[in-house]
Amino acid sequence: MRYQLELTLRRAEGALTRVLGTAERRGFLPVSVDGHAHADGERWQLRMTVEGERAPETLQHQLAKLYDCLTVEVRPCP
Amino acid sequence: MNGARWLAQALVAEGVDTLFGYPGGAIMPFYDALYDVPQLQHVLVRHEQGAAFAANGYARASGRVGVCVATSGPGATNLFTGIADALVDSVPMVAITGQVASSLMGTDAFQELDVFGMSFPMVKHSFIARSVDELPHIVGEAFRIARSGRPGPVLIDLPKDVQNADASHLPPHVPLPIDDVEAPKDASLHEALALISLAQRPVIYGGGGIALGDAVQDFRTFVDATQIPTVLTLKGLGALPSKHPLNLGMLGMHGSRAANLAVQEADLLIVVGARFDDRATGKLAEFAPHARVVHMDLDACEIGKLRVADAGVRGDIRTTLAKLTLACAAHLHGRNGPARKAWRSQCQQRALQFAPRYDAPGATVYAPALLKRLSETAADAFVVCDVGQHQMWVAQHWQMQHPRKHLTSGALGAMGFGLPAAIGAQLQDRTAQVICVSGDGSIQMNIQELATLRRYNLPVKIVLLDNQALGMVRQWQELFFEKRYSEIDLSDNPDFIALAAAFGIEALHVERAEDVDAAIAALLAAKGPALLHVAIDTAANVWPLVPPNRNNAQMIDDDASPKETPHALPA
């Protein structure tokens with residue numbers, strides 16, 4: 001199954017690596033990654049497509065626990 | 001005042017009184033600062049892994065944040081096993097690592113490693129201070145994160161120039177309050193109550209989250225109010241006293257028959273602060289096959305991660321248990337009474353039927369009997385385990401009174417944990433009785449910490465169960481690898497009595513069962529640190545055992561034949 005993730009992150013050192021690492025380690029392979037810094041310079045907006053067989057709700061909770069993750073939404077890809 | 005001095009004073013403001021570490025080049029400004037901050041007792045270990053495990057033990061025993069310190073590069077990597085252990089067992093810790101100066105970072109400088117980057121999978125969070133001005137935010141957040149919610153370790157990587165930078169403009173440190181714990185939603189409590197009301201064969205499955213949530217008394221009240229048979233995970237042991245009539249013991253790979261069979265026959269599992277760990281569930285697809293699940297946990301990640309919850313109750317365990325206890329008292333009276341009574345009776349009969357026996361034949365020491373005897377003699381002691389067969393014997397046979405009194409490397413299973421963690425447990429309360437149970441394999445992973453024990457004259461009592469082998473691996477090779485014993489022989493162990501003496505530690509030896517009581521008495525009577533070397537049979541195994549890829553009803557015992565299988569259940 002493929003899922004699309006929309007994340008808002010603190011623009012902090014290591015934030016992107018932690019998100020990618022968490023998704024991979026928890027069983028979801030990144031398919032595409034796109035992101036940009038907000039104009040305020042404080043946040044990242046990140047959109048990822050991942051695929052995996054585990055429960056997406058669990059990944060959402062695991063990403064939400066990251067200190068630098070401010071919001072995360074996960075939905076199935078159409 | 002420089003950044004290092006500001007940090008030392010901030011640690012005092014955070015309530016830190018003890019830290020465990022080892023100096024080196026990139027952390028020297030911080031060690032220089034310690035020279036002038038007598039409120040911080042620095043405990044010099046003999047290997048950085050010992051520092052991390054000691055801080056870990058200190059935190060587990062006290063509930064406070066444990067702090068460890070090391071230099072850059074190898075100092076930091078040596079901390080990582082103890083930090084990882086804190087993550088997977090939810091232990092509040094702050095690790096401070098020196099780093100080469102900012103101008104050298106990224107140049108492959110001497111003792112430079114990307115410790116910040118390496119830390120990601122094994123911390124709750126990590127910071128790297130790029131400027132001294134970031135220190136107030138970083139230190140406040142590090143302690144807040146370590147303490148809040150499900151506790152865990154936080155790493156602060158501190159370049160040398162940041163430690164040396166002028167910090168005189170920084171305000172004194174003010175600790176941040178920990179996050180409020182979310183209360184469970186009423187709707188989820190109602191769902192749980194409905195399932196509990198319907199159940200005829202319920203089992204409570206309690207884990208480490210009970211003690212972490214400071215909910216031991218609430219848990220006991222819930223068990224007593226509902227009269228539901230209870231099984232515990234390794235980290236949950238002590239949440240009910242071992243002798244409580246509803247305590248069926250530990251579940252899982254080395255769990256009791258009564259516990260495992262009850263779970264396999266249950267029609268409802270009430271999971272309290274546990275996470276369906278594979279050592280507890282055995283073959284997950286066949287775990288508790290007839291049961292619906294009520295899962296209570298503070299951490300939303302655990303609910304539904306490995307087993308779908310029919311009712312997931314996310315929130316503070318104490319509040320959850322207190323509300324459910326009240327609701328059950330009002331709603332359960334007489335509901336399914338006869339069926340539940342018969343179920344309870346069946347579970348308790350099994351617990352009696354399969355209770356461990358301690359009358360092993362022969363003149364040699366039977367480790368389970370020694371451990372049971374020791375736990376009865378030192379009933380209020382902290383028991384700190386290493387990893388291996390002795391760890392499972394402690395779990396099975398130690399008479400547990402409280403989960404905070406049982407320190408064990410549960411999820412990581414890190415050999416070498418025991419001795420330094422016992423040092424940490426002793427330093428959080430010098431008047432406490434602390435017993436370290438180790439094996440001849442495990443103790444040699446951090447045996448250098450005998451020097452720390454001696455230096456600080458800590459009255460830790462070490463029970464070294466010596467089977468001259470890596471016993472758990474040997475057991476698996478015997479059972480599942482056709483007795484092809486590969487690299488488990490430790491028959492050339494050092495003379496542990498002489499070794500202890502070289503460190504200045506009093507040591508005793510016992511090898512006959514008839515001498516065990518006297519040996520225990522002599523060990524506990526020692527004024528300072530002491531080691532009891534116990535010679536045990538190399539072939540002794542841990543029973544029962546659920547083989548890999550089997551369900552928990554398929555336990556094997558020392559005759560390698562299946563015992564009682566679950567009763568036939570109504571359709």
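What we have is a predicted model, in which local features need pLDDT of at least 70 and side-chain atom pairs count only at pLDDT 80 or more, while totals for chains, interfaces and linings use all residues. Residues are numbered from 1 along each chain as its sequence is written, and chains are lettered from A in the order in which they are written.

Let me start between the chains, where the contact (C-beta atoms, placed from the backbone, within 7 Å) takes 13 residues from chain A and 11 residues from chain B. On the chain B side, α5 (115-119) and β5 (125-128) each supply at least two residues; here helices are DSSP runs of H or I with at least four residues, and strands are runs of E with at least two, numbered from the N terminus.

Within chain B, an automatic or database assignment gives domain 1 (3-164), domain 2 (186-353) and domain 3 (367-535). The C-alpha centres of domain 1 and domain 2 of chain B lie 38 Å apart, and the contact takes five residues from each of these two domains.

Finally, the helices: the axes of α3 (residues 48-62) and α17 (residues 418-428) of chain B, as lines fitted to C-alpha atoms over the stretch in contact, with angles from 0 to 180 degrees between N-to-C directions, come within 6 Å and cross at roughly 45 degrees. Among the residues that meet there are F53(B) and Y58(B) in α3(B), and I423(B) and L427(B) in α17(B).
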